[in-house]
Amino acid sequence: MATWMTRLRDRFPTGGGLNDEDWAGRHRLLTLLLAVFMVFLTLVGLWQGGESVDALLITDAIVLPCLVAARLLHGRRPRSVAVSFGAAVSCAGFVALCDGLTEAHFTFFIAVAALALYRDWVPFGGFLVATVLHHAGFGTVQYDHVFGHSQAELHPLLWAVLHGAAVLAAAAFQLVAWRFNEIEEKRAQENLDESQAQLSVAFDETPVAMVMFAPDGRILRTNSAYREWLRLPDELPAGFSVHDLPLRAVEEGLPRVTRLLTETREPVTVTRQYHRTDDDSLIWVQNHATGLYGPDGELRLIFVHCLDVTEVRDHEAELKYQVRHDSLTGLLSRQAFEHDLAELLDGSADPVSVIYLDVDRFKSINDGSGHSTGDDVLRALAGRLSTVVPEGALVARLGGDEFIVALRGSAGAGLRVGNGILAALVEPLLATVPVSVSVGVTTACGPVPAEDVVLAADTAMYAAKRAGGNRIQVYSDELRVPVQQKIAAESRLRVALAGDMRDTLPVWFQPVVDTATGKIAGAEALVRMRTPGGEILSPFHFVGAAEETGLIVPLGEHVLRTAVEHLLQWSDRLGYVSVNVSPRQLAEPDFVPMVASVLAGLPGFDPSRLVLEITETALLSSAVDVGERLNALKELGVRIALDDFGTGYSSLTWLKSLPADIVKLDRSFVAGLAEDARKASIIEGVLWLARSLGMSTIAEGVEEKADWEALRAAGCPAVQGYFFSRPLPAPEFETLLLNSLERSTFEGVHLDETMGTAVAG
């Protein structure tokens, strides 16, 4: 029984459930309808007159207090009951005014439907009870006014029941609709609750700081990550807004976001810097803001994801700093300097002076005191520059020991700063390391390419360095000529290396003559360049550029391979061939393996027939362990010649410490030997020392017969020079070699200055 009653009860609507705003709106509507109906009844009663006026007065006397009560009472139910009772009285009054007209009873059905809007059993059920009691009571006593037909006079109670049942039947349809609405609302509420639960999980439990703002800045909701990030309490005080947060935007904050959301109606991402007032730190925050809009398009809510990107921005700033600054000195890098200089030239109508500095003999500092000391010198120089140059000047390290300064001002201003730098370096940078610099100054005005200005200052600096260093040089157009020549030489060399090198870079040969037999004992391989116009250029025109650019490495390999190929062709007529090795080649880690590869491709070839000539200046300037590199070459079987012997300050030291096989006396000791007894003594001493060390000797630069005879008398084993022959192309050298073998001596040979070749006298 109880189960059946429970099921029946569950079929009926629960009632209630309206929020205050919806209930108030419906109550105002029903109160207004009751007032309108009362006015309508008053007009009908006055129009009918007679006995209708009495019914009207009774009806209005009851309904009017109901209207007042509906307006003034407190609580939903008292006010809704007042409307319900007034509606029942109005319907009964209308039936009375209509003398029980059947159609007048439809007002009860209309009122039932209207009162169902309250969705409350008390006013709704009260109206039903009042309606049934009205029909049962008044229908029995005054059936003519309640029902208005003859059948009601015979059976008033029956018709009262029928009318009450009809009203209840109409109410049943309202109850069904009411129940269905509740079911649908419950389902919608469950869906809403589930969505709210999902939102709460997504909002509250996410590790990303999130907050909801009202457009006026009030904080409506925060998640735990947001509160933890800003150290806020779990429960925020009422009216808490963005102005109460421990954040102050360095630039415009929420107003700008609100304006963007209102204007674009699209999500907005803004990254800005904030000052945290709770710990006095500066942070960067990336805000992803999304607006929620009402039906009228007005912005109602701002939903914001907050990402603290301080570490990312700091890392980006550090990377940017590293890109723009030299890691050793902290000055601007080359790339940053050229960028800033270009902006300075473009954005200023004033002249801009550029000062280029290079440390004099910096390699000696590195080699003598170590690279760590060299780094200390560069750092100290950077610090000294920063104190000398004017505020706002650009100061950069271009690389190695090269620095550059740019500042607004005329050539005079740049010259004053350059002289100030030289004066500042009178005081040592480091206690034990004296440092001087070569300085070049140039001035530019207007949108001149930055690289051209830097090149001009660099050119002036090299002119100062060539003049001895520790001085300043102002750029002029005349200084650019050597630079242009160097660029042209490099360009010609690259073209030659890219072509058929046998034709573009032919190898010529100069004989080395045995003083005892007069025969050609060997030859020195010397490279030339043939231009597209057919002109033959000496090494003076391109070897310097090859050294500076590193092109000497492929050029040297070409000369070595070509010289060995010709030696094989003349194997039965020529004893050996010598090839010059530059400092850059010797420093290459692949040089020894390259020589080994050449020899490995010549089975049966005696490697001692290949002589590698190393200049004394090359030994001094080389950054590698020369002795170790030469020993590695000696292990391959090749011979080593010490070229230009006597031009350095430590010649005897090199002669003793290096594994050389041949000493080549410099031409400065040979020229005028016959007339200079001091030179003869020096040469005799060198010859004796070389013999005691097991070395052979070659005298270079022999151009006079008297010198040739003096060398023979001194016992010099071999000679080389224009007295015998200039360097010759391979075919002409081969002819000279054949003539030498046929005559077996160079006695009586003279130099044909017109042809440039040696002929028999």
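Predicted model: local features only at pLDDT ≥ 70, side-chain atom pairs only at ≥ 80, totals over all residues.
With phenylalanine 94 it makes a tilted pair, 6.0 Å centre to centre and with 55° between the planes. Phenylalanine 37 is in helix 2 while phenylalanine 94 is in helix 4 (residues 76–97), so this pair ties together parts that lie 57 residues apart in sequence. Put together, Phe37, Phe40 and Phe94 make up one aromatic cluster.

The charged end of arginine 313 sits over the ring of tryptophan 284, 3.8 Å from the ring centre. Likewise, arginine 639 lies over the face of tyrosine 576, with 5.0 Å to the ring centre.

Next comes helix 5, which spans residues 106–115. Its buried residues are Thr107, Phe108, Ala111, Val112 and Leu115. Around the axis they take up an arc of only 145°, so they lie on the same side of helix 5.

Turning to the strands, five of them build an open sheet with mixed pairing, in the order 8-9-7-10-11. At the edges are strand 8 (394–399) and strand 11 (472–474), each of which pairs on one side only. On average, neighbouring strands in this sheet are turned by 20° against each other, ignoring direction. Strand 10 (residues 437–444) pairs with strand 11 in the parallel sense, over three bridges. Valine 439 has isoleucine 472, in strand 11, as its bridge partner.

Strand 12 (residues 507–514) is mostly covered, with seven of its eight residues buried. What does strand 12 pair with? Strand 13 (residues 520–527) runs antiparallel to strand 12, and seven bridges join the two. Here valine 507 stands opposite valine 527 of strand 13. The hairpin made by strand 12 and strand 13 has five residues between the strands, and in it glycine 518 adopts a positive phi near 80°. Strand 12 also pairs with strand 22 (residues 728–729), in the antiparallel sense and over two bridges; there, tryptophan 508 has proline 729 of strand 22 as its bridge partner. Strand 21 (residues 718–719) is a further antiparallel partner, joined to strand 12 by two bridges. In this case aspartate 514 stands opposite alanine 718 of strand 21.

Lastly, the cysteines. How many disulfides are there? With a pair of cysteine sulfur atoms required to be within 2.5 Å, the count comes to zero. Cysteine 91 is buried, with a relative accessible area of 2%. Cysteine 445, by contrast, is partly exposed, with a relative accessible area of 47%.

Key. Residues numbered from 1 in each chain as written. Heavy atoms only, no water. Pairing = 2+ DSSP bridges. Helix = DSSP H or I, 4+ residues; strand = E, 2+ residues; numbered from the N terminus. Axes fitted to C-alpha atoms, helices over the stretch in contact; angles between N-to-C directions. Buried < 20%, exposed > 50% of the residue type's maximum accessible area, 1.4 Å probe, protein only. Arc of directions from axis to C-beta. Phe/Tyr/Trp six-rings, centres within 6.5 Å; stacked < 30°, edge-to-face > 60°. Lys NZ or Arg CZ within 6 Å of the ring centre and 35° of its normal.
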